[in-house]
Amino acid sequence: MTGRQEQFSGTMDVRERHQFDVTALEHWLIKHVQGVTPPLGVRQFRGGQSNPTYMLTDGRGRRLVLRRKPPGTLLKSAHAVDREYRVITALGAHTDVPVARPHALCTDQSILGTWFYIMDHVDGRIFWDATIPDVPNDERAVLFDAMNRTLAQLHLVDPVAIGLGDYGKPGNYFARQIARWSRQYLDDGEAGRFPSMDRLVQWLPDNIPPGDETRIVHGDYRIDNLIFHPTEPRILAILDWELSTLGHPMADFAYHLMMYRMPPQGFTGLLGADLQALNIPGEHKYMQRYCERTGRPPISKQNLAFYIAFNMFRLAAILHGIRGRVKRGTAASRHAEAQGEMCGPLADLAWAQVSGQ
């Protein structure tokens, strides 16, 4: 097992600041999730920084997953577990997009102190390293193709047809997102300022490519947010829908494609990897396959540079938020401090995508 795989895989005892009244949860589950049998065992997943996530095991060995808002002072738009619950409910009921089966949402803060929801535990593989070192060489290409196919599948869903027409504002996605993350970056004074972020705040709004589309976007589609079948090259569930909304599918795909230009340290990236030796498709081929699946024309080099820079900026803003939460003492993970410190280097990488144009 690789270092990153070992670091983030599996569960652990619940962190002290994320503990709650297990008896209160047990009583709530018996009322709201059919078939739950006491006593209830609780473990916390190692991975994830934003919303604490727990493995629940009942008296008969049934496993469920609880995902909650973290305790403490929170930014208004962050940690939207209710939106996660809504989108996986709609996709699970009306499409073949793979999601964990949701069971119940609790907005009564008297139970655990924060909102939470319950979903099925999905048995499978989560890869924390994009080079997937622990699989046979001939399996990597088909695992990458499964990622490509599943994201294309999501982007072909009509949000209106599945009751998500109001899941976000339609149209003008890039301008709204740039404004949102710029504002969040500028407003969080505790987290500090970075020169490349300041440049991107000015440059991005003036260089948005023409054309507009609206689809469901995941917002954080990467290999470690996917559960693969235990033995087959297919995806059983897409996880972590906290940043999902209605938006431009190219923003979502370019965020995923960004792995080709990101370092492996801290970002699950492929930069510097020998893709041919690993049997991983190159960036252009991977992009071409997605365009074929979604019926899109080829993406120009200039537009792709914008899409990648936008996504690196957005991710840097998220890391900036984590940096602020660390300073305020509300970060959910012991890895959060290291993640927050990646904001500056990632902003520099984002600016490098477009500064030569």
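Predicted model: local features only at pLDDT ≥ 70, side-chain atom pairs only at ≥ 80, totals over all residues.
**A friendly first look at the model**

1. Residues are numbered from 1 along each chain as its sequence is written, and side-chain values use heavy atoms, with hydrogens and water left out.

2. Now the overall build. The protein has 14 helices and ten strands. Its radius of gyration is 20 Å, close to the 21 Å that the globule rule gives for 357 residues, so the protein is as compact as a globular protein of that length. (The radius is taken over C-alpha atoms, and the rule is 2.2 Å times the number of residues to the power 0.38; helices, H or I with at least four residues, and strands, E with at least two, are DSSP runs numbered from the N terminus.) Along the principal axes, the C-alpha atoms fill a box of roughly 60 × 50 × 45 Å.

3. Next, surface and interior. Of the 357 residues in the protein, 55% are buried, where buried means under 20% relative accessible area, exposed over 50%, and partly exposed in between (1.4 Å probe, protein chains only). Among contacts with a separation of 6 or more, 72% are between residues 24 or more positions apart; contact means heavy atoms within 4.5 Å. The accessible surface comes to about 15,500 Å², and 50% of this belongs to carbon and sulfur atoms.

4. Helix α8 deserves a look. Nine of the nine residues of α8 (residues 249-257) are buried, so this helix is largely enclosed by the rest of the structure. The buried residues include Met250, Phe253, Tyr255 and His256, and their cover includes α5, α6, β7, β10 (245-247), α11 and α12.

5. Compare helix α3 (residues 81-94), whose 14 residues reach 20 Å from first C-alpha to last, close to the 20 Å expected at 1.5 Å a residue. Buried residues in α3 include Val81, Tyr85, Ile88 and Leu91. Strands β4 (63-68), β5 (102-106) and β6 (116-120) are among the elements that cover the buried residues of α3.

6. Some backbone details are worth checking by eye. Most residues other than glycine have a negative phi, and most peptide bonds are trans. Proline 38 and proline 39 are joined by a cis peptide bond, with omega about 5 degrees; proline 39 lies in the loop between α2 (22-32) and β2 (41-45). Asparagine 172, in the loop between α5 and α6 (173-187), has a positive phi near 60 degrees and is partly exposed at 49%. Asparagine 279 has a positive phi of about 65 degrees and sits in the loop between α10 (275-278) and α11 (283-294).

7. Finally, where is lysine 327? This residue belongs to helix α12 (residues 301-328). With 48% relative accessibility, lysine 327 counts as partly exposed. Leaving aside neighbours within four places in sequence, lysine 327 is in contact with Glu190 and Ala191.

Methods: Expected span 1.5 Å × (residues − 1). Areas by Shrake-Rupley, 256 points an atom, 1.4 Å probe, with all protein chains shown as cover.
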